[in-house]
Every structure is written in structure tokens, then in C-alpha cells.
Amino acid sequence: MNPQRAQTIIQQFSQKKIIVLGDLMLDEFIWGEVRRISPEAPVPVVDFQRESFMPGGAANVARNLTAMGVKAELFGAVGQDSAAENLRELLRTQKIGCRGLVASSSRRTSLKTRIVAQTQQVVRIDRETREALAPQLTTRLITTIKAQLRNTDAVIVGDYGKGVVTQQFLNELKPLCREHGLWLSLDPKPVHQLNLAGLSLITPNRKEAFELAG
């Protein structure tokens with residue numbers, strides 16, 4: 001692509017609306033400094049300095065689109081917990097539409113906590129649900145998405161293996177996108193076997209591509 005063509009596309013970003021859906025996460029960073037080793041075990045003692053939060057997973061895709069001027073509307077499942085409230089607030093602050101977040105009392109919002117000392121990540125703690133989304137919640141999510149497709153330019157699915165992107169989900173989403181003539185792309189996760197036919201684009205990394213190809 002020549003620079004002029006790229007510039008033309010970039011200038012059109014602010015006129016586009018994209019639906020992003022899939023596995024949502026909240027990334028937590030605890031920053032500190034290590035000056036000693038614990039007397040209880042051979043592990044570093046991190047003196048807390050500050051903490052920060054960022055949208056993760058499919059929510060990070062929406063954040064990146066918004067940073068480029070695209071209007072992004074986010075859809076996915078969260079728990080009924082403080083992590084979900086924190087994520088919603090972050091999304092509102094960054095002007096990401098979050099009316100499509102479906103809350104479930106049987107799931108927890110994916111929360112990934114990274115403890116960083118100086119510039120070195122010491123450990124990561126994952127708190128999440130990986131089971132497939134209940135069929136009734138998938139239907140509810142699809143119904144919510146369907147109402148937004150008329151004024152959308154494209155759909156991006158972020159599969160991080162946390163249970164939102166299932167075969168039922170894709171089977172219901174693909175014909176809806178075809179009906180509206182929408183580009184449908186998927187960032188796949190080979191942890192589960194899905195029929196990826198009928199998509200406009202898939203974006204696996206090298207390792208995922210080999211796993212998908214068997």
C-alpha cells in the first residue's frame with residue numbers, strides 16, 4: 001500500500017463505527033520496588049508504590065480503535081463484581097461504547113493482576129471464568145448485537161479462550177453479518193475447535209496458525 005492510500009484510509013477512521021466483541025478483561029498493574037528477599041521464603045518483597053488499570057482482551061482492541069478515532073462499540077460478558085464496574089468506568093472515560101456488556105452472576109470478570117518491580121514483572125495472577133457462556137446468555141448477547149448492526153461498518157471478534165466465543169455464537173453471528181454485508185474478522189484461540197469458515201479474515205499469530213492447521 002502506498003503512503004497516499006494509507007493516509008486516505010486513516011483520514012476516514014473518524015467516520016467509521018466498528019463493533020468489537022468477545023472475551024473482555026481488566027488488566028491490573030501493581031508497581032513497586034524490591035530491596036530485599038523475604039525471610040519466610042526465597043522470594044522478593046515488593047514495596048508497593050502505585051497501581052493502574054487498563055482494558056484488556058477484546059476491550060483493548062476497542063481501546064486501540066478509539067485511539068485512532070474510530071467509534072467503537074464493545075460487546076461481551078462480565079461478572080457482577082467490582083472488576084466489571086472498574087472496566088465500565090475505564091471504557092466510559094476512553095469513550096468506548098459499553099451498552100453491550102452482558103452481566104452474569106455465574107461468571108467473574110477476567111482480571112489479570114501483574115506485579116511489577118522496577119521494570120521486571122515478578123508474577124501474574126489470573127482470576128477468571130473459562131467455561132463456555134451459557135446458551136441463554138449467548139442468545140441475549142447476539143440479540144443485543146443484532147440491534148446495532150444496521151449502523152455498523154465492520155465487526156471484530158476477539159477470542160481469548162474465556163468462553164464467550166463459542167460455535168453457537170459464531171453460527172448466529174456469521175449469517176447476521178452476511179445479511180448486512182459486514183466485514184467479519186476473528187482473532188482465533190486454538191484452545192477450542194471452531195468452524196472458521198465464512199469469515200472475512202482471521203488473524204492468528206505464527207504459533208496459533210500452526211495449531212489451527214494441525
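Which strands does H2 lie across, and at about what angle does it run to S3? In this predicted model, H2 lies across S2 and S3, and its direction is at about 70° to S3. That helix is a handy way into the fold, since there is another sheet to look at as well.

**The six-stranded sheet**

Let's take the parallel sheet to begin with. Six strands make up this open sheet, in the order S5-S4-S1-S8-S9-S10, with parallel pairing. S5 (97–104) and S10 sit at the edges, each pairing on one side only. H2, which covers residues 58–67, packs on this sheet too: it touches S1 (17–22), S4 and S8, and its direction makes about 165° with that of S1.

Here is how some of the strand pairs line up, in both sheets.

| Strand pair | Sense | Bridges |
|---|---|---|
| S4 (residues 71–79) and S5 | parallel | six |
| S8 (residues 154–158) and S9 (residues 183–187) | parallel | five |
| S9 and S10 (residues 201–202) | parallel | two |
| S2 (residues 24–37) and S6 (residues 110–117) | parallel | eight |

Between S8 and S9 comes a helix: S8, H5 (residues 167–179) and S9 together make a β-α-β unit, and it is right-handed.

**The four-stranded sheet**

Now for the other sheet. It is open as well, with four strands in the order S3-S2-S6-S7, but here the pairing is mixed. S3 (44–57) and S7 are the edge strands, each pairing on one side only. On average, neighbouring strands in this sheet are turned by 20° against each other, if you ignore direction. The S2 and S6 pair is one of the parallel ones, and within it Trp31 has Val116 as its bridge partner in S6.

As a general point, nonpolar side chains in soluble globular proteins tend to be buried together. In this model, the largest nonpolar core has 25 residues, and those with the most contacts inside it are Leu21, Leu141, Ile145, Val155, Val157, Phe169 and Leu173. S1, S4, H4, S8, H5 and S9 each give two or more residues to this core. H5 gives the most, with five residues.

Leaving out residues up to four places away in sequence, Val155 touches Ile19, Leu21, Leu149, Leu173, Cys177, Leu182, Trp183, Leu184 and Ser185. There is also a second, separate core of 23 residues, which includes Val20, Ala59, Ala83 and Ala154.

Is Ser38 buried or exposed? Ser38 lies in the loop between S2 and S3, and it counts as buried because its relative accessible area is 14%, under the 20% cut-off. A polar atom of its side chain lies 3.0 Å from the backbone nitrogen of Glu40. Not counting residues up to four places away in sequence, Ser38 touches Val43 and Val45.

Thr129 is another loop residue, found between S7 (120–127) and H4 (135–146). Its relative accessibility is 11%, so Thr129 counts as buried. The Thr129 side chain reaches the backbone nitrogen of Arg108 at 3.1 Å. Apart from neighbours within four places in sequence, Thr129 is in contact with Arg107, Arg108 and Lys162.

And what does the side chain of Asp153 come up against? A polar atom of that side chain lies 2.8 Å from the backbone nitrogen of Lys17. Asp153 sits in the loop between H4 and S8 and is partly exposed, with a relative accessible area of 37%. Setting aside neighbours within four places in sequence, its contacts are Gln15, Lys16, Lys17, Leu182 and Trp183. The C-alpha atoms of Asp153 and His180 are 9.4 Å apart, with the two residues 27 apart along the chain.

Note on methods:
Residues numbered from 1 in each chain as written. Predicted model: local features only at pLDDT ≥ 70, side-chain atom pairs only at ≥ 80, totals over all residues. Heavy atoms only, no water. Pairing = 2+ DSSP bridges. Right-handed = clockwise from strand over helix to strand, strands pointing away. Contact = heavy atoms within 4.5 Å. Axes fitted to C-alpha atoms, helices over the stretch in contact; angles between N-to-C directions. Buried < 20%, exposed > 50% of the residue type's maximum accessible area, 1.4 Å probe, protein only. Polar contact = N/O pair within 3.5 Å; in protein donor to acceptor, adjacent residues only side chain to side chain. Core = buried A, V, L, I, M, F, W, Y, C linked by side-chain atoms within 4.5 Å.
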